[in-house]
Structures are given as C-alpha cells and as structure tokens.
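Colleague: Thanks for sitting down with me over this one. Could you put the model on screen so that we can go through it together?

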Amino acid sequence: MKTNCIFCKIISGDIPAYKVYEDSYVLAFLDIAPVNPGHVLVVPKIHSSNLDDIDELMLGYLMKVVRLIGRSMKKSLGANGYNVIINNGAVAGQLIDHCHVHLIPRHPKDGLTPWPQAKYKDDEPRKLAAKIKANVIVC
Ligand code: AMP
Ligand code: ZN
C-alpha cells in the first residue's frame, strides 16, 4: 500500500466504494464520475503506478477479471459492448497513480464519439513502424 494513493485507500477500506468484484489480487468498483452508467475501474491490489510497473502475471490476471466484468455488463446492464481503456501516464490522461483499467459499458447511440483520426503522409508510417519495431524488447 502506498500512502496518499486513493485506490490503495479504497482497497484497504479507508475510502468507500461500490465494489462489483473482489478477490485476493484484484478489486473492481464503480468509477465515481462515470462516462456511462456502470463504468467500472479494475485495479490490482498491489500498488503499481502504471502498465510499465505492473508484474506480468498480475497483468494477465487483471485482464482476465476485466473480461469477466465485461461479460457481466452485457448480461446485467444489457450493454452491447464495452470499452477497455488504460490511461498510461499523465500525458495520456492518467490522474490516479495506481494502475487501473476502465471498463465502460456501451449502448447504441449512447453519444460517446470516438477519438478523431488522421491520415499519414508519404513515408511516415514506414518510418514510424520501423522505429517502434526496433525497440520492442521481448523479455
Ligand atoms: P484516470 O484518469 O485514468 O487516472 O482515471 C481515474 C478515475 O478514477 C477517474 O475516472 C475518476 O473519476 C476515478 N476516481 C477518482 N476518485 C475515485 C473514487 N474515490 N472512487 C471511484 N472512482 C474514483
Ligand atoms: Zn495505490
């Protein structure tokens, strides 16, 4: 547990939350400011700042739970689908420094518009793909 981490405090019970799932490793609870009703956050119980820090086995388990909750959203809320989002790093919109996965139930015409997309110019995609490819480190 990290002092001053809101999600660690929710895990320890110091701050209340509407829990939807809990086991020894993972907790899932309603986001206090939902993008859509039923928006859930899934967090590992061991504090890690973001996706780069989280233990690999834990990451796999976290995603297993994400899928379980997504299935429940379809059954219980009648969601037609759901978005799975991780804001990784402040520049990506991460406000809480405890790794978490957003699960947002989706319905037809729910008004949530996708991000704007652009087009590549000339040789740009080849160069970008080569750069990223060169630094993928499999461990
Ligand atoms: P992020 O921007 O990815 O770090 O998302 C953090 C999320 O945590 C936001 O969607 C907040 O609404 C949510 N949040 C902050 N405090 C609480 C809280 N006490 N209980 C539930 N959700 C929270
Ligand atoms: Zn924490």
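Colleague: Is Lys109 buried or exposed?
Modeller: Keep in mind that this is a predicted model. Lys109 is found in the loop between strand S5 (101-106) and helix H3 (124-134). The cut-off for exposed is over 50% relative accessible area. Lys109 has 88% relative accessibility, so the residue counts as exposed.

Colleague: Let's turn to the metal. Which residues are the protein donors of the zinc ion (ligand 2)?
Modeller: The donor atoms lie 2.1 to 2.3 Å from the zinc ion. In sequence their residues are spaced C-x2-C-x38-H-x50-H.

Colleague: What arrangement do the 4 donor atoms around the zinc ion make?
Modeller: Four donors count as tetrahedral if all angles lie between 85 and 135 degrees. Around the zinc ion the 4 donor atoms subtend angles of 102 to 115°, so the arrangement is tetrahedral.

Colleague: How many residues apart in sequence are the parts that Cys5 and His47 tie together?
Modeller: Cys5 lies in the segment before helix H1 (6-12), and His47 in the loop between strand S3 (40-44) and helix H2 (56-76). Cys5 is also buried, with a relative accessible area of 6%. The pair therefore ties together parts whose separation in sequence, in residues, is 42.

Colleague: Now the other ligand. Which element gives the most residues to the shell around ligand 1?
Modeller: The shell holds 16 residues, and the closest are Asp31, Gly93, Leu95, His100 and His102. By class there are 10 nonpolar, 5 polar and 1 charged residues. H1 and strand S2 (26-30) each supply at least two of the shell residues. With 3 residues, the element that gives the most is H1.

Colleague: Which residue has its backbone oxygen 2.9 Å from a polar side-chain atom of Asn36?
Modeller: Asn36 sits in the loop between S2 and S3. Its relative accessible area is 8%, so Asn36 is buried. The backbone oxygen at 2.9 Å from a polar atom of the Asn36 side chain belongs to Pro105.

Colleague: To finish, in what order do the elements of the chain run from the N terminus on?
Modeller: The chain has 139 residues, of which 29% count as buried, and its C-alpha trace spans about 55 × 40 × 25 Å along the principal axes. The secondary structure comes to 3 helices and 5 strands. From the N terminus on, the order is α-β-β-β-α-β-β-α.

How values were computed. Residues numbered from 1 in each chain as written. Chains lettered and ligands numbered in written order. Predicted model: local features only at pLDDT ≥ 70, side-chain atom pairs only at ≥ 80, totals over all residues. Heavy atoms only, no water. Donors = N, O, S within 2.8 Å, 3.2 Å for Na, K, Ca; no water. Tetrahedral: all angles 85-135°; square planar, octahedral: opposite > 155°, others 65-115°. Helix = DSSP H or I, 4+ residues; strand = E, 2+ residues; numbered from the N terminus. Buried < 20%, exposed > 50% of the residue type's maximum accessible area, 1.4 Å probe, protein only. Near = heavy atom within 4 Å. Nonpolar A, V, L, I, M, F, W, Y, C, P; charged D, E, K, R; others polar. Polar contact = N/O pair within 3.5 Å; in protein donor to acceptor, adjacent residues only side chain to side chain.
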